[in-house]
Amino acid sequence: MTSLLMPTRRALLMGAGAGLLATALPAVVGAQAAPIKIGFQLHRTGIGASYGRWYERTAQAALKLINDGGGIAGRPVEILFEDDATDPKRGAEVVDKLTQSDGCDLVMGTLFSHVVMGSAPRAGELKVPYLVCSEGYHVASGALNRWTLQPGITDVRAQISTMAPWVSANLGKKVTMVFPDYAFGHDHRDFFTKAMAEQGGEVIAQIAIPPTETSFTRYFPQIPAETEVLYHVMVGPAVLTFVKELGEFYGTGAKPALFGFVDSLEAVDTATSGLEFLEGSHFWEAHPRVKPADAGEHEAAYRAAVGVDDMGASVSDPADISTYSHMFSTWETLYFIKQAMEAAGYTGPADRQKLVEAMEAITDLPYGLERPQGAKLFNGKTHQVFGAQYISKVEAGKLVKVHSTTIDEGLYPDAVDYTAMSF
Amino acid sequence: MAFGPFLLLALMEGLVTAAVLALAASGLALVFGVMRVVNVAHGEFFMLGAVIAWFVASLIPGPAWMAFAAALVVAPLAVAALAALADALVLKRLNYDPEATIVATIGLLYMLQQAALTVYGPDARPVAAPFDLRLQLPWFGYSGYKLFVIAAAAVVLAGIWALMTHTRAGLVMRATQVDRDVARAFGIDVDRVYMGTFALGAGLAALAGVLIVPITQAHYLMGGDPLLLSFIVVIIGGLGSLRGTLVAALVIGLSDGVISMFFSPTLAKILATLLVALVLVFRPQGLFGTRT
């Protein structure tokens, strides 16, 4: 009793010592292994939700692999996923929250180009590296800022310039385009029209469809009868309706050759009833959904890690089709971050500028488990990466790879030099 | 495409829009006419119809037509029950005050939408059409199911008309619409009429949702467009007038089909909204409404 009320001097000293030790300990442990925090702007809801689901899974798989291999520069890595509802206004708020409240070292992962356009200016103001996985030409066009980079996926302009020669040589010269009426669709419209003209072909009609449209039959009569190739690229939850209605419209009658960006079919099973008319048509793919016979040596390990079978569906649910031609970009972006952080000797947010400079210094990105889609070339001036592209044909309801392009075919003159801009 | 077939396709597409719109809007008109409640959550009942159809279709094995037939029965009933519950828990407690119910149904809109997002998820999911019929016309192909939608909507609307004009329930509803105090004085249980009307209105929206889902897929955000168009139709037709709603749905649906095909869908929306403005200025009671 007395010892509690009147502690001895020794007990008091011991207690104080233990208390000091206890407060000091986490600080020591923390300094050794404070995790690197990566903010992920995720389309968990809204029109980009099916992409968001797979972006999250792919990023988680890469994160596990990186942490199992010792993290980044010996530090563990954490990803904080934050839903942006595929909404540009919310997107900017998410960049803000991840950076200011959550203290993330950088932000990555955005796909839909209107969200990128809405968020990148905020990232520039906050001076936080913003690594998008979007395909849009907006990064390389110079429209954004020094803090925005696209190191994981080839942009639309490069993709298209590799497709146009093949389309004009194999399918036809007179093309009608159907595309979503916003930034991403406009890139398709502008660069494919130009690329076809260079091949001696011609785009005879451009049909822009509002991105929130749910019914498409009304647009099809605008397709001129003399069309030889119908080029389609649609995104969002209505893509299945789009291809089904296209099938109803043409049905068994005469129809132009179809060339689509696989965006029109991402997360959609090519064997769905109503899609039989796609048989024999061609699709651009960044990363063939159905594992090709000549797939690279790391393809199997990548599919196993992200939980995708050889048909491109989830291993746990064959009806859950992946967004295979886009999701690799989150994986490759994470490895790009690892490479740049280790090169820059990154220690914390104070080194963000050094980190961007280290990213800009990267050029060759060889094929490996870090880059399952293939080898890439990063252009530090335009902040854009370039990789090979593929064309697949629908055979017996399956996408079968029939053509590959080289990286060089997609290169174009620089439109901007971000390295000359101030931070 | 030549002008004739082009126009034919435009009219067919317009009729499908009109059919679905007439179903959804008549539910809204009924609720407003009888209860004087502006139901902002009406589009979410439409969405719930589609979403429940997906659940029913994925739970019932066997041929597509069987699952669809089940959805056609289950979804409107489930949504009607939910609406009756909302009436008892929310609208009745607000004493059907016009302003308060607007705010309350806005709240209901968000609750239903977020509940769908939580339970059903953010993806668009298809429901197979009950039959796979494609009409191959000389100029273009057309989905046989879309023609079925037009026919089904016509049958349901005829049923609603018969209900309102030839049954005791319809008589009671019309009496309540004209004057709720007098109706109550004559021994009509107005609370029950209100609950039934709200459930019926929601059920009609859900039915429209089930009919549309094989065409456009079920998605938790799909309630926005039908809500806006239903309001346009109801305002043009005359708030509370079923006949006006039908005529307005045909006008809006067909003009939407023709204008979006020959010009642009955006122009069709602009003109519809302009028409609403003109009606409000020159004939505030709507084309078939009566001045109160």
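Colleague: How many bridges join strand 12 of chain A to strand 13 of chain A?
Modeller: This is a predicted model, in which local features need pLDDT of at least 70 and side-chain atom pairs count only at pLDDT 80 or more, while totals for chains, interfaces and linings use all residues. Residues are numbered from 1 along each chain as its sequence is written, and chains are lettered from A and ligands numbered from 1 in the order in which they are written. Strands here are DSSP runs of E with at least two residues, helices are runs of H or I with at least four, both numbered from the N terminus, and two strands pair if DSSP finds at least two bridges between them. Strand 12 (residues 376-379) and strand 13 of chain A run antiparallel, and the number of bridges joining them is 4.

Colleague: Which residue in the turn of that hairpin has a positive phi?
Modeller: Strand 12 and strand 13 of chain A form the hairpin with 4 residues between them, and N379(A) has Q384(A) of strand 13 as its bridge partner. In the turn, the positive phi of about 60° belongs to H383(A).

Colleague: Which residues of strand 13 of chain A point the other way from Q384(A) and F386(A)?
Modeller: In a regular strand the side chains alternate between the two faces of the sheet. In strand 13 (residues 384-387) of chain A, all four residues are buried, meaning that 20 or more other C-beta atoms, placed from the backbone, lie within 10 Å of a residue's own. Opposite Q384(A) and F386(A) point V385(A) and G387(A).

Colleague: Which helix of chain A gives the largest share of the side that touches chain B?
Modeller: Counting a contact when C-beta atoms, placed from the backbone, lie within 7 Å, 23 residues of chain A meet 25 residues of chain B. Two or more residues on the chain A side come from each of helix 3 (49-68) and helix 8 (239-250). The largest share, 5 residues, comes from helix 8.

Colleague: What radius of gyration does chain B have?
Modeller: Chain B has 11 helices and 2 strands. The globule rule, 2.2 Å times the number of residues to the power 0.38, gives 19 Å for its 292 residues, so chain B is as compact as a globular protein of that length. Taken over C-alpha atoms, the radius of gyration of chain B is 19 Å.

Technical notes: Contact = placed C-beta atoms within 7 Å. Buried ≥ 20, exposed ≤ 12 C-beta atoms within 10 Å, placed from the backbone.
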